[in-house]
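Please look over the sequence and the model shown here before reading on.

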Amino acid sequence: MAWRNLWRVPRRTWLTAGGVAFAILFVVFLRSMHGGAFGAAVNLVTERMSGHVQVQHAEYLDDPRMRHTVEGLSEVTEALAGHPDVRAVAPRGIGFALVSAESESEERSFGAQVLGIDPAVEFATVSQRALPGGRALERVGEGFLGSVLARNLGADVGDSVLLLGTGKEGGVAAIAVTLVGVFESGVADLDRSVMMVHFDDFAGAFGLEDEAHVVAVLGQDAADARAFAASIARSIESIESVESAASAGAARVLPWQEIQPQLAQLVVVKDTIGFTLAGMLTVIVTFVVVSAFVMTVFDRTAEFGMLKAIGMPPAAILRMVQFEGLWMSLLGVALGLAAALAVVSAVAAVGVPVSEFGDLAGMYKRLNLPDTLIPAFATRDALLIAGVMIAVVQFAAAVPAPRIWRLSAVDALRDEE
């Protein structure tokens, strides 16, 4: 009976169901675009920089000193490499040094952060378009500079560069390398202050023995970083050697959210904005649906009066109205999900060129992010908004309940006459 009642006024049914469908389409498409764009950006940033998780000395994040290292590096990397979800393990040494280079007219020196990386296992590479000169670091005795730092030093590819710093035990750390390339990360602070050398050069100069400052680990997906970090921590705890700092409790495993809190906050802000827009749209749809059901009750006063006159209890009439709302919401949800899936799939097939967004295109180019945004269908959000819409319609159907309950059959039939 409830289903048949919906089609007594098809236009009203389609308008109400269409409002529910539009809300679902709008929210799912918006969340899919956000999820695709930000998901790709987060994955790219974590894969090219921090990794999905890092193994660090317990005090290194808050106090990044040269002596705060993860010892037993060979055991730690071996344990991590055996983890089924690990794609790559990259030990890194991190320090500060005075970088010098001789230009044609003078010798220039600037302070810089020095990263010791192993090119054979390092996953944090830069794209080819981020290499305005030379090539990436490949072997011992080579150096890789940020473009601004190279320009400040007056250094060109092929020049000799000297690094002077302080080793782990307080001695002088000196490294002489040949500059093989410069990079442009799109982040000015990195381009003016970072130099990369081979991990063996770094360890030898700064006095690291089977140890590193961080061990960056790449998993399957940045979104699962916290669970991945917990799993990695169990692998580290399984190391049997008591000489290893990891098994002695001096190391900890951190997800990228703790290593890059600014990026994590950006994701939270993005989610907050998305849910706020979805909430506002839900409120609007709620008012529309409530109005539709209130009008329905007024238009069907005589019908409800007749049902009461023939013995149908008010509770049964209310159940009938609730089932009408349920059928209407399910119809709207089906239409909305189908439309959202079709639209997201169509847009994902061709992508959205970043060039269409003006200033955003420049930012993506500077950060070496993809030129095309690919939405990813937000299944969880789609199911969530579908459930919310069903609940909203059920609430709307219950709003006229007091009027139906107090309705007098005689007055309703007389009012019709």
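Two strands are said to pair if DSSP finds at least two bridges between them, and helices (H or I, at least four residues) and strands (E, at least two) are DSSP runs, numbered from the N terminus. This is a predicted model, in which local features need pLDDT of at least 70 and side-chain atom pairs count only at pLDDT 80 or more, while totals for chains, interfaces and linings use all residues. Residues are numbered from 1 along each chain as its sequence is written, and side-chain values use heavy atoms, with hydrogens and water left out.

Strand β7 (residues 160-166) pairs with strand β3 (residues 88-102) in the antiparallel sense over five bridges, and Leu-98 stands opposite Leu-164 of β7. β7 also pairs with strand β8 (residues 172-183), again in the antiparallel sense, over seven bridges, and there Ser-160 has Thr-178 in β8 as its bridge partner. Five residues lie between the strands in the hairpin of β7 and β8, where Gly-170 takes a positive phi near 95°.

Helix α6 (residues 199-206) is largely enclosed by the rest of the structure, because six of its eight residues are buried, where buried means under 20% relative accessible area, exposed over 50%, and partly exposed in between (1.4 Å probe, protein chains only). The buried residues of α6 include Phe-199, Phe-202 and Phe-206, and the helix is followed by Gly-207, whose phi is positive, near 80°.

Glu-71, finally, lies in strand β2 (residues 70-71), and it counts as partly exposed because its relative accessibility is 34%.
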